[in-house]
Amino acid sequence: MNFRAVRTIGRLASHRAQQPEIVNFRAVRAIYLFEMSRTARTLLQSIVSPVISTSLYFVVFGAAIGSRITEIEGVSYGAFIVPGLMMMMLLTQSVANASFGIYFPKFTGTIYEILSAPVSAFEIVLGYVGAAASKSIILGMIILATAGLFVPLRLDHPAWMLAFLVLTALTFSLLGFIIGVWADGFEKLQVVPLLVITPLSFLGGSFYSIKVLPPVWQTIALINPVVYLISGFRWSFYGIADVSVSISLGMTAIFLAVCLAVVWWIFKTGYRLKR
Amino acid sequence: MVMQPVISVSRLSKIYASGFCALKDVNLDIHRGEIFALLGPNGAGKTTLISIICGIVNPTSGAVRVGGHDIITAYRKARSLIGLVPQELATDAFETVWNTVSFSRGLFGRPANPGYIEKVLRELSLWDRKDSKIITLSGGMKRRVMIAKALSHEPQILFLDEPTAGVDVELHKDMWQTVRELRASGVTIILTTHYIEEAEQMADRVGVINEGEIILIEQKAELMRKLGKKQLTLQLDVRLDAVPPALAPYDLTLSPEGDELIYTYDSKGERSEISSLLADIGRARIRFHDLRTEESSLEDIFVRLVRRS
């Protein structure tokens, strides 16, 4: 092996004025594309697997069991569960994508490069969370299209559907980012999605309206933040909701604000990123 | 006109959450275009110092300026000047060489420049492996990928933290050749290494850090001159039981076998003293059949300094 002169490299370096931008868009783009390319590399795991598992829910709950269940507020059971299933997938995938995205460089040690680059906290979050949210939104749209093959769909408020989709994907990707920073092992990375997000999704009205619960349980269910997300999302499809749409939006916004505040604190203190 | 240092560290301290004090009031100036070797035993604070300058570790107190820019308030400008090759082989195992190097360039806000990336990869003998996943590369290749990443955004300052750790001899030589050529083109290089002889060969200036304190900063040549020791060993024809009293002023040492007289003097030592020593030995009728001189290496000086501190 023979290294050749690298004089030209250094000459370029020493003579070229370095003018970093106010916002390092190239860095955001680099992180975003890097994360998205990971999805492309792991297509089976990232896209195909969640689409298949969600489709199985449609087949089992929608077609097989759902055919024996009467309509809910004028919507067939198969169609009724579509927003809930989409939201469940959106929550779990957003958290999983974003947490893995930031945890993996921590695990491999490549985080040094992110921390030593002329990149602000906002740009780092924009890159990682933007990519994680994009993946979830793409998945959501694929699942929506797949659901259309199994059940009759209706979209009363498409703009609101999109707004809920984007807002929820962003919020839970931020939550995933926080989990990824907090986790110091793969087990912790799985704890929140498995032990918190999934149960809350199941109990948050993915497969039923909380109105069918006894009054006491209806009140208890309102503690579950996922109820508001699913309710608002379902309203955008069929115009039916367990709680008022404005409350759903408000709760999502509050959760988003809390996640943003935690991320801000992480970068301000360097919690588990910088020593 | 006095040239501004390219890196200026003043009163820098770092106390980790555990209470461990890694750096104590460190002051250090690095000059533009030099090769500066930072030496110190394990845990001395070398990596902490580098990590703070590069933005990976938060300082507890003190200030660092890179190219005149404060690393906290003007971190973008400061960091854009720096390329870092860390000690650990931290790479994206499943990425290709091309993608990971291009990613680094983008991260530092530089526009895509495939021609430049190609040049870096060719000059580091990585071009043939540009489409290989990093996981398939040897340790030496991975080390070169890390150098390519550090050079991808055309830095003016290059940090090499133990760059030859775990690298074969051939790559050692090639890497140091690369470093020399980078320096020749105006890049400032700060390196840490356990191989003191490498620092001795490469560095313009040497800094020694121990237990978080800089105990010495000196031009390498000056350091060798000031602290270097020389030894003159005379191999005697006839064994002695003790150093003759007539030679006591020279503070000679007799080897355990009694067949060698050893005279230790510093590098600045007057030659006339050696002449008078030899004359006195002649007068004492001590005959020798051979002599040799030895000079202490930077490693000897380093070990002595660290022990002393």
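Predicted model: local features only at pLDDT ≥ 70, side-chain atom pairs only at ≥ 80, totals over all residues.
1. Let's start with a term: helices (H or I, at least four residues) and strands (E, at least two) are DSSP runs, numbered from the N terminus.

2. Residues are numbered from 1 along each chain as its sequence is written, chains are lettered from A and ligands numbered from 1 in the order in which they are written, and side-chain values use heavy atoms, with hydrogens and water left out.

3. Now to chain A itself. Chain A has eleven helices and zero strands, and its C-alpha trace spans about 75 × 35 × 35 Å along the principal axes.

4. The largest pocket has a volume of about 750 Å³, where a volume is the space filled by probe spheres set on the points, and grid points are joined across faces, edges and corners. Of its 28 lining residues, Gln45(A), Thr92(A), Gln93(A), Ala96(A) and Asn97(A) are the closest to the centre. H4(A) provides the largest share of this lining, ten residues; H2, helix H3 (43-65), H4 and helix H8 (186-203) of chain A each supply at least two. By class, the pocket lining divides into 13 nonpolar, twelve polar and three charged residues, with Ala, Val, Leu, Ile, Met, Phe, Trp, Tyr, Cys and Pro counted as nonpolar, Asp, Glu, Lys and Arg as charged, and the others, Gly among them, as polar.

5. The structure holds six cavities of 30 Å³ or more, and the largest cavity has about 150 Å³ of space. Among the 15 residues that line the largest cavity, Phe34(A), Phe104(A), Pro105(A), Thr110(A) and Asp92(B) lie nearest its centre. H2(A) gives the largest share of the cavity lining, four residues. The classes in the cavity lining are seven nonpolar, two polar and six charged residues.

6. Where the chains meet, 46 residues of chain A are in contact (heavy atoms within 4.5 Å) with 55 residues of chain B. Together they bury about 4800 Å², 57% of it on carbon and sulfur atoms; buried area is the accessible area (1.4 Å probe) that two parts lose on being put together, summed over both.

7. The interface has three salt bridges, each a side-chain nitrogen of Lys or Arg within 4 Å of a carboxyl oxygen of Asp or Glu. A salt bridge joins the side chains of Glu113(A) and Lys149(B) (3.0 Å, N to O). On the side of chain A that touches chain B, helix H1 (7-15), helix H2 (25-41), helix H4 (77-108) and helix H5 (111-116) of chain A give two or more residues. H1(A) gives the most, with eight residues, and by class that side has 21 nonpolar, 14 polar and eleven charged residues.

8. Over all chains, the structure holds 17 salt bridges. Within chain A, Lys211(A) and Glu73(A) meet in a salt bridge (3.6 Å, N to O) through their side chains. This pair links distant parts of the chain, 138 residues apart: Lys211(A) is in the loop between H8 and helix H9 (215-221) of chain A, and Glu73(A) is in the loop between H3 and H4 of chain A.

How values were computed:
1 Å grid on protein atoms, 1.4 Å probe; cavity = no way out; pocket = protein on both sides within 12 Å on 5 of 7 lines; lining within 4 Å.
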